[in-house]
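The sequence and the structure come first, followed by the points grouped by topic.

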Amino acid sequence: MKLLRRLAYRLGQAVPVILVVAVLAFFLMHLLPGDPAVIIAGTEAGPEAVERIRHQLGLDRSIPEQLIVWLWHLAQGDFGTSIIHNESVLSALADRMPVTLSLTLVSFAITIPVGILFGVAAAKFRNTWIDSAVMFLALVGVSVPGFWIAILSVILFSVTLGWLPASGYVPLSQGVLPWLLALLQPAAMLALFQIGFLARMARSATLDVLDQDYIRTARAKGVSEWQTIAKHAFRNTLIPVVTATGIILSLLMGGSVVIEQVFALPGVGRLIVQAILTRDYPMVQGTLLALAFMFVAINLMVDIVYTWVDPRVRYD
Amino acid sequence: MVNPRRTALLLGTALVAGGLAVASGPAMAQKKGGSLVYANVSAVGTMDPHVANAVADLETIHHVHEGLVAMGEDYAAKPMLASKVDISPDGRTFTFSLRKGVKFSNGKEMTAADVLASYERYKKVSPNAPALADVAAMETPDPYTFIIKLNKPNSLFVEVMKTPTYSFSILPAEQKDKPARDGDLVGTGPYMVAEWARDSHLVLKRNDNYVADDSAKGPDGYAGKKTAYLDSIRYNSVPEANTRIAAIQSGGADFIATIPGDLAKRLKGNKDVTVMSVIPFCQATFIQHAKNGISTNHYVRQAVAALVDAEEMMEAAGQVWDRNPSLMFKPSAYHTTVGAPWYDQKSVEKAKALLKQGNYAGEKIVLETNNNYAYMRDSSQVLAEQMKKAGMNVELKMVDWTTNAGDMARGTGGWNITITGLCSGPLLGPQQWRLSLAYAQNPDDPVVTDGYAKMFATTDFAERKRIWDGIEKYFLEEGYLVKVADIADLRGMNGKFANIKPYYMQRFWDVWVK
């Protein structure tokens, strides 16, 4: 009951955050130069046609007036309609979200075990070649631009070796294996950066834990080294790592923008890039808002997981 | 002087064309079946022919929809759903006799009622609706006759109707009140939409109700007798050029769009992939603002024109290109050399002299360009350097294409010079050029308004050509437009299909599996 009350309180706190995101998204888009009416009409259309479209879309109204209209519709649950595709923002998001969620989750499933394993191994074998190799890989992961490494990966795994498709998405409904094959390469590329980040964090957390008295006690009692790490150190290592996983999940969703573009995946990342390029105001504003909701939800989930990982944290 | 790079590319094109001619010879069996996967630069945004203007949309639309007339292989107007067009001697009445028995993909026969409803919808929703502004009446005396009466003569009206952009396609009459971008995807073309996942792919399948124009010998551009051999065509959206190339190399695509010149090298020596050069595709052209600050000065505009070095600009961008002083492409009957004295002058000295004559005193000149198209960005950077050498105070303003296009169309953003790629006007003729001429922000210039009025009024081609020559000369001599070069679009294909021919917008009817 207390947990539910706490969740409701946290959700209430999120309302002003989301409202700020909404207003910021609106102003940032309207501050950008460029006219969606010209995009819709085409550069070969005359000025009367462009003005007619501006009027139809309400773009000839003042900016505050447009903001009020948008917020009013938002309050009624109406995220608006894409001015480029004539498609409701929510329906466009519903179509693209499975792609982005699939990419994010597969990437997450790669990032977490690999990152933690690398980090714990580096800590366990501190100052050995294993530690150096893991830290070097982590450095490469966080330093190399995702766009560049993704193109190299396509050339290697799709063109030279022919193991994985170069682009495109296969829905889960068409089979788990084709779905996974289509996502494996983009998800791995997306995971690369976060694995580096997580490995460094897990290494440092494990090193902290390994210096604690209870670990020394476990060792003194004759518990095997692996059991000490697995049973005593690992769970305590997870506390800062859980905090990081929440951030990682959000970063993976953000990183999908570039990866979806390179691998031609029709997800939310590509939707938002296209919407920005074509100045599709409702689509950008609605998508940013939906992403803000998701980030708030992820943070809430992290809070709940905390209570499971660390019994000292309770909502009472 | 011979340009080795250009010559090599032209030879390359000739070789590709030769190979295609062999591939389409009588020894090759033409059979139905197979699917082709096309990796295009962007997703299909709309299938509404009355509003579509992006090439990715139009390439699919013209497989599904047809108009009364269409552009032929030589880009001139040819009958399509009309069997013939009669033009009254005064150039005001156009009588279209419709082909009988033509069916929509839903099985319904197309009649004059559908044509009338389509034109009425076009007037309501199309950004090109002003093209029908002079229509006084539209009549359907019988199911197979459609008559358009104009308020004033327009001998180019049929040419206006062939445009592939904002196509005058015929839709079923029931779609008359459908808003823009909200049609039912029913057309008379050889293919129909089977599946459409926005931002991802669109699949066309053969339209079994298609009735080909048997009076024609074969396909002729977007007109003629079309045969759908392929069972389906899948248009995948693959925006990243490297990924498109990887897709064709790894078998994930059979045909890919728009390969940047520098990346085309990666396909060199690949036996399985042929690079096809479509040239002319567009023309790189600088535009000078007729009504903004220092670019209202005739001599300053001429000085800018004197600096353009086509080879340096195109080579900087790694662009496949060709020299052409005209605002019209070479296949056009309106191609002319009247602009030759102002083409590719590359003379800093001449520019300096002109600036002196124009009393240029270091006023700022804004050159607006964008980062989305390499040839626009690099040509602008080269021009900016040349302008500095000539003593001009130039500010290079880099924006994205959306901003650039909006500023260019509306004359906003403070630019004096900008650059664009003009594609359909140079291919299709003066009627298509009119709106692009307005980018110089002088649509009310009497040379344009009187010129077009006279051109529309005369049925004598020689007279129309003379008038167009005058307009073209005026725009180039005044420096409102500064032609750089004709540029190519490079496309890649594997060897699985026969009879794929270079054309402005890619067609896949009369293409079959080898």
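In this predicted model, helix 5 of chain A passes helix 10 of chain A in a right-handed crossing. The two axes come within 8 Å and cross at roughly 140°. Because an angle over 145 degrees would be needed to count as roughly antiparallel, helix 5 and helix 10 of chain A are classed as oblique to each other.

**Helix 5 with helix 10, chain A**

- Helix 5 of chain A covers residues 89-124, and helix 10 of chain A covers residues 225-262.
- On the side of helix 5 of chain A, the contact is made by Thr100(A), Leu103(A), Thr104(A), Ser107(A), Phe108(A), Thr111(A), Ile112(A), Ile116(A), Val120(A) and Lys124(A).
- Helix 10 of chain A contributes Ile229(A), Thr237(A), Val241(A), Thr245(A), Ile248(A), Leu249(A), Leu252(A), Met253(A), Ser256(A) and Ile259(A).
- By class, this contact of helix 5 with helix 10 of chain A has 12 nonpolar, 7 polar and 1 charged residues.

**Helix 9 with helix 10, chain A**

- Helix 9 of chain A, residues 213-220, packs against helix 10 of chain A at an angle of about 150°, with the axes 10 Å apart.
- Helix 9 and helix 10 of chain A are therefore roughly antiparallel.
- The crossing of helix 9 and helix 10 of chain A is right-handed.
- Tyr214(A), Ile215(A), Ala218(A) and Arg219(A) of helix 9 of chain A meet Thr228(A), His232(A) and Ala233(A) of helix 10 of chain A.
- The residues of this contact of helix 9 with helix 10 of chain A divide into 4 nonpolar, 2 polar and 1 charged.

**Chain A overall**

- Chain A has 12 helices and 0 strands.
- The C-alpha atoms of chain A fill a box of roughly 85 × 55 × 35 Å along the principal axes.
- Chain A has 316 residues, of which 41% count as buried.
- Of the contacts in chain A between residues at least 6 apart in sequence, 73% join residues at least 24 apart.

**Contact between chain A and chain B**

- Chain B gives 38 residues to the contact and chain A gives 42 residues.
- On the side of chain B that touches chain A, two or more residues come from each of strand 12 (232-237), helix 5 (241-249), helix 11 (401-410) and helix 13 (430-437) of chain B.
- Helix 11 of chain B gives the most to that side, with 7 residues.
- The side of chain B that touches chain A has 13 nonpolar, 18 polar and 7 charged residues.

Terms used:
Residues numbered from 1 in each chain as written. Chains lettered and ligands numbered in written order. Predicted model: local features only at pLDDT ≥ 70, side-chain atom pairs only at ≥ 80, totals over all residues. Axes fitted to C-alpha atoms, helices over the stretch in contact; angles between N-to-C directions. Helix = DSSP H or I, 4+ residues; strand = E, 2+ residues; numbered from the N terminus. Parallel < 35°, antiparallel > 145°, perpendicular 65-115°, else oblique. Left-handed = near helix turned anticlockwise from the far one by under 90°. Contact = placed C-beta atoms within 7 Å. Nonpolar A, V, L, I, M, F, W, Y, C, P; charged D, E, K, R; others polar. Buried ≥ 20, exposed ≤ 12 C-beta atoms within 10 Å, placed from the backbone.
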